[in-house]
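Q: Hi, I've got a structure open and would like to talk it through. Shall we take it one piece at a time?

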Amino acid sequence: ARPWLSLPQAGDETPTLGDRAFVWLCVGLPWVAIYEAIATVVPPDPIDTTLAFEKAWPVVEWSEAVYASVYLVALASPLLVRTRSALRALAVRMLLAMALVFPLYLALPFVAPPRAFVPQTALGQLLASERAFDTPGCALPSFHVIFALFLGEAIASHPRLRIARLAWLWASAVSLSCSLI
């Protein structure tokens, strides 16, 4: 007998509540906890990875809506993914990304300080609030980009081509938004 809370088995069946709960409790919660713990670590002699031409770019406040959407899609992903195989692949990819990226954050002293701006809109206020809980570390590689690509792939497994295209368009937009905020 398989435990109720376990990695989804491969198959074309609809994911069970236990399959979905596994992703929320055994992938999502550990990611948040580990990310926030690592974000408190200040690397000695940090290396700014911002390119010279990027420093002059303005902050595009409306792009925060796209950037922040990754949180909502990540939370909803266990409900959006149509098959157990797709949910299993998503969970495994996310766990592997954590196993690879978190040690990089600790081993490499890379930082990406946010560009200064004065919020002019509600989305600008949201961005400023989000930055208050974040750090210049934990930016390279970007989990926003990694998760957007993984989530886009998982949602793109939907049998309707239109939804698949929208999933990839969304993942691309999230990746681009990382440069705009």
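This is a predicted model: local features need pLDDT of at least 70, side-chain atom pairs count only at pLDDT 80 or more; totals for chains, interfaces and linings use all residues.

Q: Where does the kink in α1 lie?
A: At glycine 28, shortly before proline 30, and the kink is about 25°.

Q: And which residues of α1 are buried?
A: The buried ones are Gly18, Asp19, Arg20, Ala21, Phe22, Val23, Val27, Trp31, Tyr35, Ile38 and Ala39. These buried residues pack against α2, α3 and α5.

Q: OK, on to α3. What should its span be, and what is the distance between its end C-alpha atoms?
A: Helix α3 covers residues 84-107, which is 24 residues, so at 1.5 Å a residue it should span 34 Å. Its end C-alpha atoms are 35 Å apart, which agrees.

Q: What covers the buried residues of α3?
A: The cover includes α1 (17-39), α2 (63-80) and α5 (143-156). Among the buried residues themselves are Leu87, Leu90, Met94, Met98, Val101 and Tyr105.

Q: Changing topic: what volume does the largest pocket have, and how many residues line it?
A: The volume is about 1,400 Å³, and 48 residues line the pocket. Tyr35, Tyr67, Asp134, Ser142 and His144 lie nearest its centre. The elements that give two or more residues to this lining are α1, α2, α4 (122-132), α5 and α6 (161-180).

Q: Which of them gives the largest share of the lining?
A: That's α1, with 9 residues. Tyr35, one of the residues nearest the pocket centre, is also on the list of buried residues of α1.

Q: How does the pocket lining split by class?
A: There are 31 nonpolar, 11 polar and 6 charged residues.

Q: What about cavities, how many of 30 Å³ or more are there?
A: The count is 1, and the largest cavity holds about 30 Å³ of space. Leu104, Tyr105, Leu108, Phe110, Gly137, Cys138, Ala139 and Leu140 line this cavity. By class, that lining has 7 nonpolar residues, 1 polar and no charged.

Q: Last one: is arginine 162 buried or exposed?
A: Arginine 162 counts as exposed, because its relative accessibility is 62% and the cut-off for exposed is over 50%. This arginine is found in helix α6. From arginine 162 to glutamate 64 the C-alpha distance is 25 Å, with the two 98 residues apart in sequence.

Definitions and conventions:
Residues are numbered from 1 along each chain as its sequence is written. Side-chain values use heavy atoms; hydrogens and water are left out. Helices (H or I, at least four residues) and strands (E, at least two) are DSSP runs, numbered from the N terminus. The expected span of a helix is 1.5 Å times one less than its number of residues. Buried means under 20% relative accessible area, exposed over 50%, partly exposed in between (1.4 Å probe, protein chains only). Contact means heavy atoms within 4.5 Å. On a 1 Å grid over the protein atoms alone, a cavity is a set of points where a 1.4 Å probe fits but cannot get out, and a pocket is an open set with protein on both sides within 12 Å along at least five of seven lines; lining residues have an atom within 4 Å of a point. Grid points are joined across faces, edges and corners, and a volume is the space filled by probe spheres set on the points. Ala, Val, Leu, Ile, Met, Phe, Trp, Tyr, Cys and Pro count as nonpolar, Asp, Glu, Lys and Arg as charged, and the others, Gly among them, as polar. The bend at a residue is the angle between axes fitted to the seven residues ending there and the seven starting there.
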